[in-house]
Amino acid sequence: NDCAFCNQRTISGKSMAPAIDEARLTIEEYLSDGKTAEQIAFFGGSFTGIDVKKQNEYLSLAKEYIRKGLVKSIRLSTRPDYIDGGTVQRLISYGVKNIELGAQSMDDEVLLLSKRGHTSQNVERAAEIINGSGAVLGLQMMTGLPGDTPQKCLYTAGRFKELGAKETRIYPTVVLRGTYLEKMLEKGEYTPQIVEDA
């Protein structure tokens with residue numbers, strides 16, 4: 001799915017996900033001074049949207065460090081419409097403790113205008129599954145998306161609390177080059193939030 005505001009290559013600085021050896025090297029480099037880590041985190045896209053075999057390779061790698069006692073658990077982010085009961089149970093079996101959903105808004109008009117490809121109902125269903133599994137639910141919110149208002153932001157924040165989010169990340173919308181949002185801005189169809197409003 002290609003959201004109006006997304007350009008993962010710009011955000012992450014990578015055009016492809018790291019190979020398993022590269023991921024191992026990153027972990028080893030961090031742990032090289034005898035450090036331990038709370039978590040290994042998989043961010044920069046929708047983890048459960050990649051090929052299941054690849055997911056399991058990454059998770060197996062992370063689980064090695066949990067077994068060695070160098071890392072306590074795994075955290076990842078994904079889309080609410082890429083979550084189901086079987087997926088969550090598989091993630092937990094590898095040591096995933098925290099699952100963050102890129103919900104962005106609980107207003108369906110904002111989600112539609114932002115080309116999210118999911119609805120607030122998808123967020124509600126995924127939150128229920130995650131909460132029922134024993135994993136920690138995190139919900140990510142964006143302010144200033146197309147069609148958004150301060151009232152809709154407050155509504156989203158309230159719904160996140162009602163849905164049982166134990167963690168929340170709040171991001172102001174930033175217009176990145178190469179996105180549909182940039183085209184909307186150029187056409188005068190979108191006005192970004194000013195910093196003070198965000």
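Five strands build an open sheet, ordered β1-β2-β3-β4-β5, and the pairing is parallel. Strands count as pairing if DSSP finds at least two bridges between them. Strands here are DSSP runs of E with at least two residues, helices are runs of H or I with at least four, and both are numbered from the N terminus. This is a predicted model, in which local features need pLDDT of at least 70 and side-chain atom pairs pLDDT 80 or more, while totals for chains, interfaces and linings use all residues. Residues are numbered from 1 along each chain as its sequence is written, and side-chain values use heavy atoms, leaving out hydrogens and water.

β4 (residues 136–143) pairs with β5 in the parallel sense over six bridges. Methionine 141 stands opposite isoleucine 170 in β5.

Helix α3 (residues 52–67) packs on helix α4 (residues 85–93) at about 30°, with axes 10 Å apart. Axes are lines fitted to C-alpha atoms, for helices over the stretch in contact; angles run from 0 to 180 degrees between N-to-C directions. Angles under 35 degrees count as roughly parallel, so α3 and α4 are roughly parallel to each other. Contact means heavy atoms within 4.5 Å.

| Helix | Contact residues |
|---|---|
| α3 | Val52, Gln55, Asn56, Leu59, Lys63 |
| α4 | Arg90, Leu91, Ser93 |

By class, this contact has three nonpolar, three polar and two charged residues. Ala, Val, Leu, Ile, Met, Phe, Trp, Tyr, Cys and Pro count as nonpolar, Asp, Glu, Lys and Arg as charged, and the others, Gly among them, as polar.

The lining of the second largest pocket has six nonpolar, six polar and two charged residues.

Conventions
Angles under 35 degrees count as roughly parallel, over 145 as roughly antiparallel, 65 to 115 as roughly perpendicular and the rest as oblique.
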